[in-house]
Amino acid sequence: MNMAETCKIRKVVGDKIALLGLLTVVLMAAPFVIAGGAFENSEIPKTASRLSYRQPAKQWTQALPIGNGRLGAMVFGGIEDERLQFNEDTLWTGKPNDYSHPGAAEYLPVVRKLLFDGKQRQAEALSMQHMMSVPLRQHSYQPFGDLHLHFPDAHKPGDYRRELDLDTAVARVTYTVDGVKFTREVFSSAVDQVIVLHITADKESQVSFVANMSSPQPDTSTVTVAGKQLALRGQMRPDGHPSGNKDSCLKFEARLHVSTDGGKVKVTNEGVEVKGADAATLLLAAATSFRSFKDVSADPAARCSKVIKAAAGRSYDTLRKAHVADHRRLFGRVELDLGTTDAANRPTDERIRAFGKSNDPQLAALYFQFGRYLLICSSRPGSQPANLQGIWNDKIRPPWESKWTTNINTEMNYWPAEVCNLSESHEPLFDMLDDLVISGKKTAKVHYGCRGWVLHHNTDLWRGTAPINNSNHGIWVTGGAWLTRHLWEHYLFTGDREFLTERAYPVMKGAALFFVDFLVEDPKTGWLISTPSNSPEQGGLVAGPSMDHQIIRELFTNCIEAAKTLGIDDDFRQKLTELRSRVAPNQIGQHGQLQEWLQDKDNPRNQHRHISHLYTLHPGCEVTPLKTPKLAEACRVTLTHRGDGGTGWSKAWKVNFWARLLDGDHSYKMLAGLITRSTLPNMFDTHPPFQIDGNFGGTAGITEMLLQSHAGEIHLLPALPTAWPTGNVKGLCARGGFEVDIAWKNGKLAGGAIRSKLGAKCRIRTDVPVQVVSLGKLVKTTIPEQNVVEFDTRAGVAYIISIGK
């Protein structure tokens, strides 16, 4: 689209629909152009993208996170003593390992018969003995170390402020001592692969400190390198304890480089001392010997040396500008304005505590953007995927090993990826899937005698795929199948045919092939069912949990559609079509609920955190209020039974569930509970303890209130809560290759804009009649039903949605 065409659109918007006015989207990566009206004066206030505090962090859950996908840190903002607790995403206990249990498949028919005969305890005992992972537990993500800075002259400070700017991804601390203003800025650069700490004073020769590094890992040491850098070195043990055998375990190293403007610098094995400088810049690099889940032969010292040498050759301003530009390239794609109030001027921790009883829509917008920020910081191309804690962990024994739990948590981490315009953040998950196919093929064969590949409810750096911990919840065979939904979703959002052909479909097909072999006929109903398995994480080992069947049907459907799209695998497609029709269907039980199991045994007083059988409602799309109203009502009954409590991530899932049921006020109620009762002072989600999935689920849930596209149409404001009567959002993505902007006023759609990336047909559902304008002309539309319009699009063209007569 050239500038003349852009001006035409602006003129049409201004002349023909001046009362509304709308955002015009310029082609592809060009910036948005404001046309007045519905988006007038819609600049997002700075406080909408900034966490701020009046005191240093005393606890880890008060510190502020930074990250570049691979290298993360928690910034405490201490005055006399600053601490940066840092992580590198490949530092784990353990070593390359095969988790399979030889001979496990021999016991599969025996366990199945026990379950069919109602002998659950015997089935669990037998499978516990013969079908579980070796070893039984997987390994854990580890803290790397701490960077400590001591400021000997920082006594009696005033005017203290600590903040995290989400727009720049820079943490900042300011305070005054004896009339001198000190400023620290910290960021983790994806461009230069270092953490950068810059310290300044507004008077000369005032910057003095001592810096050193430590690690909670055993047998580490600090040494000088060439007299100019400080190195922290060590090697992991399989179980994290000094008695463990270190053979083939990860080696690791961190390097600290300090440069100053003026003053003196002294480097010893104990630390780096700076005296009388005008400013100082600290560069922190960290690396391990990890190359792949089969190879730990890399040289961490060489890796650190390379990045430090490159970064040290650039000025602080150059490092900062490159970092900010790179971050904004991702973060700046989406803007959200839900309104402002005076509450926005209070410290973030106070706003979190008061959210449930105050009117602070800007905090909800901040929470939304914080989730996007965390995904950028913890999942970049080339990094590991975001784990249970993203990339931030300070514990040798973290909760649930801070690994990848795939019966909801890992998937929830990536719910915002496509719809929140961060598609690149999905790549580490796809890389992990490539690894899991390798290890999962062996698990499928050894544990079940099946083709294809399988993953159970957890994996770690070493890509374990066998069932772990306990048979009553560890034997759950649809973890890999669920993850393949992300491959298909990426294709639906991007239309990347090469990705579908070469990367997504082979993985999806392998997952489906496992179930072609694994499904077995239920002797009572004749349906094909999944067994042994469980409904996460309750009810024990069973035959035929509903969630399994929902995931399997969806996997088969996605494979069928992918094969059709690519024009391949006719026989396999027909096989899946036949099997899909025989898989046990969703059932409505005696209480009007959606059944969790094959049998009608749900307890309406059960308020377990997992609501796995509502997968079909979200993230799945098999059940929708408009297309399957009876099943949707059964989902509503189940949600009512389960209540509005739960862990942080459970509340986040309920935000999404209620939005899918088109109940914006109940969705908002869950969001308010998530923020008020399950959010830590630094805005991290808490299970408790800290788990990052709730942050990502909450961000996705806010998006689901404003935009849905899973049902074959773009539904604008499907679940807008009354708490947000006026606002706008720019840059969300919809399936079919569309980028969407929406404005609303007094609880009703006021206008919008849709940019077509692929030239696909567009179908829009709204709460009011609309008309479509593009390139200065009204677009020909069809109206298949009330408040639904369909129209053809051209790739790269913007379509303005105005309120019709």
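The stops below go from sheets to cores, then on to a helix and some aromatic rings.

Before you select anything, note that this is a predicted model, in which local features need pLDDT of at least 70 and side-chain atom pairs count only at pLDDT 80 or more, while totals for chains, interfaces and linings use all residues. Residues are numbered from 1 along each chain as its sequence is written, and side-chain values use heavy atoms, with hydrogens and water left out.

**Stop 1: an antiparallel sheet**

Start with the open sheet of seven strands, ordered E4-E5-E6-E7-E12-E17-E16, with antiparallel pairing. Strands (E, at least two residues) and helices (H or I, at least four) are DSSP runs numbered from the N terminus, and two strands pair if DSSP finds at least two bridges between them. At the edges stand E4 (64–67) and E16 (264–268); each has a single partner strand, so one side of each lacks a neighbour in the sheet. From one strand to the next, the twist averages 20 degrees, with axes taken as lines fitted to C-alpha atoms and angles running from 0 to 180 degrees between N-to-C directions.

Now zoom in on E5 (residues 71–75) and E6 (residues 81–88), antiparallel strands joined by five bridges. Select Leu71 and you will find Glu88 of E6 opposite.

**Stop 2: Val186 and the cores**

Next, select Val186 in strand E10 (residues 180–189). Is Val186 buried or exposed? Val186 is buried, at a relative accessible area of 2%; buried means under 20%, exposed over 50% and partly exposed in between, with a 1.4 Å probe and protein chains only. Beyond its neighbours within four places in sequence, Val186 has contacts (heavy atoms within 4.5 Å) that include Ile66, Val75, Leu84 and Ile195.

Then show Phe209 and Leu282, the residues with the most contacts inside the largest nonpolar core, which has 222 residues. A nonpolar core here is a set of buried Ala, Val, Leu, Ile, Met, Phe, Trp, Tyr and Cys residues joined through side-chain atoms within 4.5 Å.

**Stop 3: helix H19**

Select residues 693–706, helix H19: its 14 residues reach 20 Å from first C-alpha to last, close to the expected 20 Å, where the expected span is 1.5 Å times one less than the number of residues. Of the 14 residues of H19, 14 are buried, so the helix is largely enclosed by the rest of the structure.

**Stop 4: aromatic rings**

How many aromatic pairs does the structure hold? There are 28 aromatic pairs, counting rings of Phe, Tyr and Trp (its six-membered ring) with centres within 6.5 Å; planes under 30 degrees apart are stacked, over 60 edge-to-face and the rest tilted. Tyr668 and Trp724 make an edge-to-face pair, 5.6 Å centre to centre with 90 degrees between the planes. Tyr668 sits in helix H18 (residues 664–677) and Trp724 in the loop between strands E27 (714–716) and E28 (727–734), so the pair ties together parts 56 residues apart in sequence. Both Tyr668 and Trp724 are buried.

**Stop 5: a mixed sheet**

Finish at the open five-stranded sheet E26-E27-E31-E35-E34, whose pairing is mixed. E27 pairs with E31 (residues 762–765) in the parallel sense over two bridges, whereas E31 and E35 (residues 788–791) run antiparallel, joined by four bridges. Select Ile764: its bridge partner in E35 is Val789.
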